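Welcome! Here are some exercises to work through with the model at your side. Try each task before you read its solution.

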Amino acid sequence: MAFRPLSINHYTLGFLLLIALMFTGTAWLGFRSIEEAGGSLEQHRQHAAREELEQAIDALIRYLDEFPDQLAEWDELFQQIGQPLYYSYWRQHRLLAAGKLPPLVKQAELYDAAGRVLGRFVNSPFPDRIDPQQQAPAAVQTENGHAWLYRYVPLRRSPDSPVQGWLGLQIDLIPALRQRFDFRDLDADSIRLLPHAPERIQPEFLPDLLTYRLKPSPGTSELLEIVRRSVWQLAAVIGLLSLLFYILMVQVLGRPLRNISRYIDQLHNRDEETVEQPKALLPIAELEKVRASLISYDADLRKAQQDLGRKNRALWKLAHHDALTGMLNRRAFDRDWNDARQLLQRRRIELGLVLFDVNRFKAINDTYGHQTGDEVLKAISHCIQTRLRHGEQLYRIGGDEFAAILIGTRPKDLLKLTQRCLDAIEAHDFEAMGLKEPVRVSCGIAYCPANDRERLDKLQWQADVAVYQAKKPGQHGPVLFKDDMADGSQSIFSSWINEAVYQAVTSGEGMVLYYQSIVNTQSLDIDYYESLLRIRHESGFIPPSHIFPVVHSRQLETALDRSVIRKLARDLENRKFQGINGVSINLSAESLVRPELVDWLAPLRSFLNEYRITLEVTETSLITHLGIASRHLETLREQGFKVALDDFGSGYSSLLYLTRMPVDTIKFDIALIQGMEDRRIHQLVCELARMLSGLGYELVAEGIETKEVFDRVIAAGFTHAQGFYLDTPKRHHGSLPASS
Amino acid sequence: MPHRLLGLMLLLLPAPILADTVRLEMPDRLVATAEMLPGEANKPLLLFVHAFLQTRDFPTGKRLAESLNEEGYPTLSPTLTLGISERRNSLPCESLHLHSIDQEARELAGWIDWAEKRGHRNILLVGHSAGSVSIAAYLEQYSGRIPKAVSKTILISLTHYGPGRPAAFETPELQRKARDLLSQGLDEPTDLALSFCEKYPARPSDYLGYLRYTASRVQQIVADTPVQTHVVLGSKDFRIGERWIQRLKNNNARVHIIEGANHFFDQSHEFDLLDRIGEIIRTP
């Protein structure tokens, strides 16, 4: 994924978040350390609480052992020992109510000196008799969550006086601990006896059977609170500082950067009227320097752009305008013609194409000089342009050819408009230029209705035909193309066809090879293909009937042959003939006599091991230069090429010549094959075929368009056949079919 | 310097009184104790009887005994057992009271007997408040058996039981209740009220024994006893009331009124009391 840069605000926010995270982490670690210290302290306090508890129990027992000294002053005890008659009354009303016993004593019982209880009571937890001689250590009895501590203390009037009786004391130990002791660490209210504690235990083991909590530690809590408060205060300060820092960054750095960034964006999407320069002085020197530099660079850039724009416009004008007449040129016409075609693809609009051709302009040039000729062209173009309607353009598409694309104009109006143009030309004073003869301009119009888009591809040719018609003697005014003009006008080619053919021949642009299969009449398999030339143009394919006249007229035969050889070599290299044995190529007579022919065919030589490559030559071309051509062909045959004599029977060659021609295959002309319906021609073809077969030639019948013809040529002994019945020429992207 | 000051203060302190605690087993096997302060041999023994439920340490009697002892009089200050051997402290009202006024009279007789046997031929009985009633009870119950050594009685703040006392809680209803219980043979401790004790758990028989000594009876005993008897009263003794003072005055008794003194002869009246007692002792 591509990295997308972030704005300064994001980085600032990220930085603040990082600070927040670090602060939070540090605070967390601090809290954790304090809590760990608190935990350690808590452990220490646990030990201390345990010791407190043990000491409290010991102190309680000691207290019970010591406090009987005070009882020596309580006369009523001795009253009851001496006179226990009303002990039950006294026990009930006075023993605990007198306030002489500690409040933690829950029950008490009096015994005489012999250990006999003064009175027996139901539900008394005390025994009826105790052994004064064997007082066991204090014992703890557990019951329903209570830990009862029993203690029997001697009663005597003074330490050296005899024991007069015993006082049994029962203490609920846990409440006693709560009431009597002020624990430092232990929460006295939380002391509880464990469930299922043994019924009788010694006091020293009691702490093991008690649960309790610690008092909240004010020190730790306060420390934590102070730290927590400090952290929050620090967080508030950092937060405030961060906010100020953020505002500062946004205001001092972020906003200026955004302004500069926005300015750069505006520059990027330049609209000179709306680009607003950041005028305010920026608070940071470096940014201010950037701003000033940007403005300066922008000014320079604008100036450069303006210069460039002017130059571009001049260049565009040069590129799209004719330097002589100032009219749009051929390049502009091609562009606008394409635009018009696309417009018609989308909308139902009628379109007219008008061609103007200056009559005998070469003669004017030759007679009055090029300067006058130029003036004539300028005047004509001016006359036409000024008569066209607003928005309609005149193009100079050739030396003396002009064109206009008229959209949404009906044929009648086209004729009117063009007539007006011609009238203007006729009315122009060419004599002022020294011309002593009138200047005539032929005008042809091709019209494409809104609902006939197919006609678009033929519109230029139709306009050419119309101009051709307009040039005919006796013709005055513009001529609108009609379908019947097409017959006999196939050789009328406009300059764009000439141009397209020339481009294809010289540079290979638009050149395409189609292939038509040559079928073996015995196996009905395709033995090889004949390559056929096509030229593709924006207006469509230029048919062979339009190509070769141009080639001949411009003497491009050898150039064409070389282009075809290169094209075929590329097709072979691209493996377009997998499963196919061979391919044939047509060579012109001009190429046959050229000593470089062998070299020209060198690109194909490397494929001879893989393919049978046949060179097709016409008998006319061979006969013309039989000697030289034969030598070249012999050389090529020695290299592995095969030679086929094309269009046999259409020329003037005699059978004698045939025996001297270095050919392997004879291709009968289409006129002979299609003429086999005639009995005599049929017999002639059959005899020739029999005879030539006997001489070892392969025979190819061209023009097989029906099954009857195919059957006849098979019967006549032709080894191969070719024609639309068997196969039509195809472009064949990828490998060609192995059989038709 | 501090050591010199401490030495001076020690020199200024009165000489410590050498007291003996006497234990005496009474006929009912209770052990009673008394404080014996020896005095001059030719001077009468002053036997102090403390007030109701108190001990010999009660301030009025104790101060008086010590002051008179300083004047050379031997003093004997018993603590009535009130049913408790070697009783040391005053008995709270709420305690179980297993004592009677007859028992007090017996103990008094016991101590007089003990004094006689110790050679004291002139014994003055000094009572305070209810202690004076106990002496009156002794005078009544031992009438005709009182040793000749008992030459004089001084009854300070003499009071009585039963109706007529301004600050007493005993009521005719409680007296009736006690009688009813006793008549039913139920002589068990029960909640009663006596003197300043609003709650006084005691046996009805013991209780009624105290209530026998009403104002009239005490007045009669004082009037009839052959022993020279002096009654010392404070003019502001609201515990006994003006009416009782007046009745005693009208009884031809030797009544000594100390003006402004209350029941306990506090503060400066302590000296008035001491002076008056001294006068009475010295009076033949």
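**Exercise 1. Confidence in chain B**

Among the elements of chain B, which has the lowest mean pLDDT and which the highest?

Before the solution, two notes on reading this entry. Residues are numbered from 1 along each chain as its sequence is written, while chains are lettered from A and ligands numbered from 1 in the order in which they are written. This is a predicted model, where local features need pLDDT of at least 70, side-chain atom pairs count only at pLDDT 80 or more, and totals for chains, interfaces and linings use all residues.

Solution. 
- Step 1: recall that pLDDT is the predictor's confidence in each residue, from 0 to 100. Helices (H or I, at least four residues) and strands (E, at least two) are DSSP runs, numbered from the N terminus.
- Step 2: compare the elements. Helix α1 (residues 2–12) of chain B has the lowest mean, 44, and strand β3 (residues 45–49) of chain B has the highest, 97.
- Step 3: look at the start of the chain. Over residues 1–16 of chain B, pLDDT stays under 50, and the model has zero contacts beyond four places in sequence for this stretch. Two residues are in contact if their C-beta atoms, placed from the backbone, lie within 7 Å.
- Step 4: draw the lesson. Where pLDDT is low, the predicted coordinates should not be read in detail.
- Step 5: Chain B averages a pLDDT of 90, and 94% of the residues score at least 70. The model scores ipTM 0.85 and pTM 0.49.

**Exercise 2. Two chains in outline**

Describe each chain by its elements, its burial and its contacts.

Solution. 
- Step 1: count the elements. Chain A has 24 helices and 22 strands; chain B has nine helices and 10 strands.
- Step 2: check burial. A residue is buried if 20 or more other C-beta atoms lie within 10 Å of its own, exposed if 12 or fewer, and partly exposed in between, with C-beta atoms placed from the backbone. Of the 740 residues of chain A, 32% are buried; of the 284 residues of chain B, 47% are.
- Step 3: In chain A, 66% of them join residues 24 or more positions apart. In chain B, 73% join residues at least 24 apart.

**Exercise 3. Where the chains touch**

How many residues of chain A are in contact with chain B?

Solution. 
- Step 1: 13 residues of chain A contact 14 residues of chain B.
- Step 2: on the chain A side, α3 (75–82) and α4 (87–95) are the elements that give two or more residues.
- Step 3: α3(A) gives the most, with five residues.
- Step 4: sort that side by class. It has four nonpolar, four polar and five charged residues. Here Ala, Val, Leu, Ile, Met, Phe, Trp, Tyr, Cys and Pro count as nonpolar, Asp, Glu, Lys and Arg as charged, and the others, Gly among them, as polar.

**Exercise 4. The nonpolar cores**

Which residues have the most contacts inside the largest nonpolar core?

Solution. 
- Step 1: a nonpolar core is a set of buried Ala, Val, Leu, Ile, Met, Phe, Trp, Tyr and Cys residues joined through C-beta atoms within 7 Å.
- Step 2: the largest has 117 residues, and B:L46, B:L47 and B:A136 have the most contacts inside it.
- Step 3: helix α4 (residues 130–141) of chain B gives the most to this core, with seven residues.
- Step 4: leaving aside neighbours within four places in sequence, B:A136 contacts B:Y213, B:V218, B:I221 and B:V222.
- Step 5: another core lies apart from it, with 63 residues, among them A:A500 and A:L604.

**Exercise 5. A sheet and its edges**

In what order do the strands of the five-stranded open sheet of chain A run?

Solution. 
- Step 1: two strands pair if DSSP finds at least two bridges between them. The order is β1-β4-β3-β2-β6 (chain A), with antiparallel pairing.
- Step 2: β1 (105–112) and β6 (200–201) of chain A each have a single partner strand, so one side of each is left without a neighbour in the sheet.
- Step 3: eight bridges join strand β3 (residues 146–155) of chain A to strand β4 (residues 165–172) of chain A. Within β4(A), A:L169 is the bridge partner of A:R151.
- Step 4: for contrast, turn to chain B. Strand β5 (residues 123–128) of chain B and β6(B) pair in the parallel sense over six bridges, and B:G127 stands opposite B:L155 in β6(B).
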